[in-house]
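A short briefing follows it.

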Amino acid sequence: MDVKTSNNLTEMIGKQKIINEHKILDRYSHDNSFTLPMRPRLVVQPHNADEVQKIVTWANQTKTPLVPVSSGEPHFRGDTVPSVPEAVIIDLRRMNKIIRIDRRNRMVLIEPGVTYAQLQPALAQEGLRLSTPLLPRQSKSVIASLLEREPTLVPKYSHTLLEPLRCLEVVWGNGEILRTGEAGGYYRTLEQQWEMGLAQVFSGGPGQVDYYRLVSGAQGSIGIVTWASVKCEILPKVHRFLFIPADNLKDLIECAYRLLKVRLGDEFLILNSANLAAILSRDADGIQALKNELPPWVIIMGIAGRDLFPEEKVDFQEKDTRDMVQQFGLELVPAVSGIGGGQLMSTILNPSPVPYWKLTYKGAYQDIFFMSTLDKVPEFVNTVFAAANALRYPASDIGIYLQPQHQGTSCHCEFNLPYNSGNKIEVDRVRELLETCSEALIKQGAYFSRPYGIWADMVYNRDAANKEMVRTIKGIFDPNNILNPGKLCF
């Protein structure tokens with residue numbers, strides 16, 4: 001990028017919004033994944049959608065690669081690291097306005113820089129909350145999380161895998177702006193829509209195309225979202241967390257299916273002892289000690305009562321759940337190993353403390369996550385543990401998180417592999433374990449719906465027709481391939 005090109009960008013958005021300091025650029029050149037480092041040319045920090053559009057238009061004119069980023073550090077998946085030289089990071093964190101909270105329709109309209117730590121307290125003041133992923137980090141963008149389809153904790157409200165995301169304003173890779181869903185109607189401004197009683201609730205369209213799906217799971221390679229509307233939940237007046245412990249995962253699965261079928265409870269997830277200990281402890285020794293005390297597996301359920309008869313609702317759901325659980329030879333309990341439901345609830349319903357909870361045990365980690373169904377998970381567990389034993393990685397350190405989605409019809413399956421990044425032997429071992437397990441799991445039927453890093457080739461090389469279709473869509477909305485080139489199959 002020559003000086004004249006940089007000057008043109010400066011004239012468009014202002015010098016104060018452009019960063020070229022080497023120390024800052026170095027921070028964007030890598031993350032905590034095994035992605036190869038590459039320093040960007042510049043970082044730009046737009047403050048509104050108009051500036052985003054100007055930057056994208058400039059990038060098309062100069063053929064400059066752009067890498068959108070909306071969450072703060074630390075990053076873990078390689079999607080925010082440039083894959084090609086001379087890329088410009090478009091950092092959206094300055095766009096952090098909560099534009100509107102609509103209590104009547106339970107909707108909130110936010111910019112991409114808004115984090116869970118910022119949004120949840122603001123919603124609580126209006127008697128609302130958002131169903132979140134499992135302990136998102138403090139700096140995690142809400143919109144980025146929803147676009148990347150990170151699983152949320154309440155499967156019965158997960159009507160699609162993009163729930164609770166609704167309407168978007170998108171700057172496509174060609175520089176054009178589109179508002180999706182209900183927001184893409186005939187009224188020019190949001191204010192005009194609000195005056196007409198519209199609340200950006202309906203996500204389909206405009207027309208017969210669900211455009212918002214095109215940018216989901218795309219790692220910023222199709223368009224840049226400048227605001228989104230999100231469906232909220234009523235804040236519970238009474239909320240209890242309960243446990244269903246078991247020594248064997250298979251003992252929990254049939255019970256989980258039954259509870260999910262009748263939609264008892266709100267939060268519903270399954271953790272093994274390693275992950276539950278990592279969530280509840282803030283140092284490595286505490287994690288190791290608690291891991292040895294906790295049951296090997298536990299279903300965690302949150303039962304909520306809202307505006308109408310909250311105590312009565314929670315009481316009858318707890319009774320019905322207890323009766324149902326007993327039919328499977330299990331027990332619904334208020335605490336496990338001295339850890340009460342209230343303690344866990346106050347932890348799990350908030351963003352993670354700093355450092356991020358997965359870093360506490362050994363300082364670094366890698367994740368393997370994919371979609372499947374609950375009944376197949378024991379086979380996947382056996383595959384990962386067998387690979388770990390073959391590579392002399394301690395299987396007892398592997399954290400496992402199972403999150404039913406889409407009202408229990410599917411399941412997010414996640415394996416967390418902690419390691420010491422300062423120990424080359426451990427780094428090489430985890431790198432090999434990550435590759436070996438990923439290949440084995442895909443062959444076994446695991447669906448890697450969010451193919452970061454090495455998973456992209458594994459996924460797209462197995463499906464030539466889908467690969468060609470995705471490239472065709474990219475060519476329509478980003479004809480010059482300026483948005484995050486090198487990711488996915490681009």
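Predicted model: local features only at pLDDT ≥ 70, side-chain atom pairs only at ≥ 80, totals over all residues.

Residues are numbered from 1 along each chain as its sequence is written, and side-chain values use heavy atoms, with hydrogens and water left out.

**Salt bridges**

- The structure holds 32 salt bridges, a salt bridge being a side-chain nitrogen of Lys or Arg within 4 Å of a carboxyl oxygen of Asp or Glu.
- Glu86 and Arg41 form one of them, with their closest N and O atoms 3.9 Å apart; Glu86 sits in the loop between strand S3 (66-69) and strand S4 (88-91) and Arg41 in the loop between helix H2 (22-28) and strand S2 (42-44), so the bridge ties together parts that are 45 residues apart in sequence. Helices (H or I, at least four residues) and strands (E, at least two) are DSSP runs, numbered from the N terminus.
- Glu86 is partly exposed at 37% relative accessibility, and Arg41 is partly exposed at 27%, where buried means under 20% relative accessible area, exposed over 50%, and partly exposed in between (1.4 Å probe, protein chains only).
- Glu233 and Arg306 meet in a salt bridge at 3.5 Å, N to O, and this pair links distant parts of the chain, 73 residues apart, with Glu233 in strand S11 (residues 233-234) and Arg306 in the loop between strand S14 (297-305) and helix H10 (310-326).
- Both partners are buried, Glu233 at 7% relative accessibility and Arg306 at 11%.
- Arg240 and Glu318 are joined by a salt bridge at 2.7 Å, N to O; Arg240 belongs to strand S12 (residues 238-246) and Glu318 to helix H10, so parts that are 78 residues apart in sequence are tied together.
- In this pair Arg240 is partly exposed, at 25% relative accessibility, while Glu318 is buried, at 15%.
- A network of salt bridges links Arg129, Lys156, Glu233, Asp266, Glu267 and Arg306.

- Ser281 lies in the loop between helix H8 (273-280) and helix H9 (284-293), where Ser281 is buried at 10% relative accessibility.
- Apart from its neighbours within four places in sequence, Ser281 is in contact (heavy atoms within 4.5 Å) with Gly286, Ile287, Leu290 and Thr360.

**Pockets**

- A pocket is, on a 1 Å grid over the protein atoms alone, an open set of points where a 1.4 Å probe fits, with protein on both sides within 12 Å along at least five of seven lines, and lining residues have an atom within 4 Å of a point.
- The largest pocket has a volume of about 710 Å³, the volume being the space filled by probe spheres set on grid points joined across faces, edges and corners.
- Of the 26 residues that line the largest pocket, Arg149, Tyr447, Ser449, Tyr460 and Asn466 are the closest to its centre.
- The largest share of that lining, four residues, comes from H15.
- The second largest pocket has a volume of about 610 Å³, and of its 28 lining residues the closest to its centre are Thr35, Arg77, Tyr452, Gly453 and Ile454.
- S17 gives the most to the lining of the second largest pocket, with four residues.
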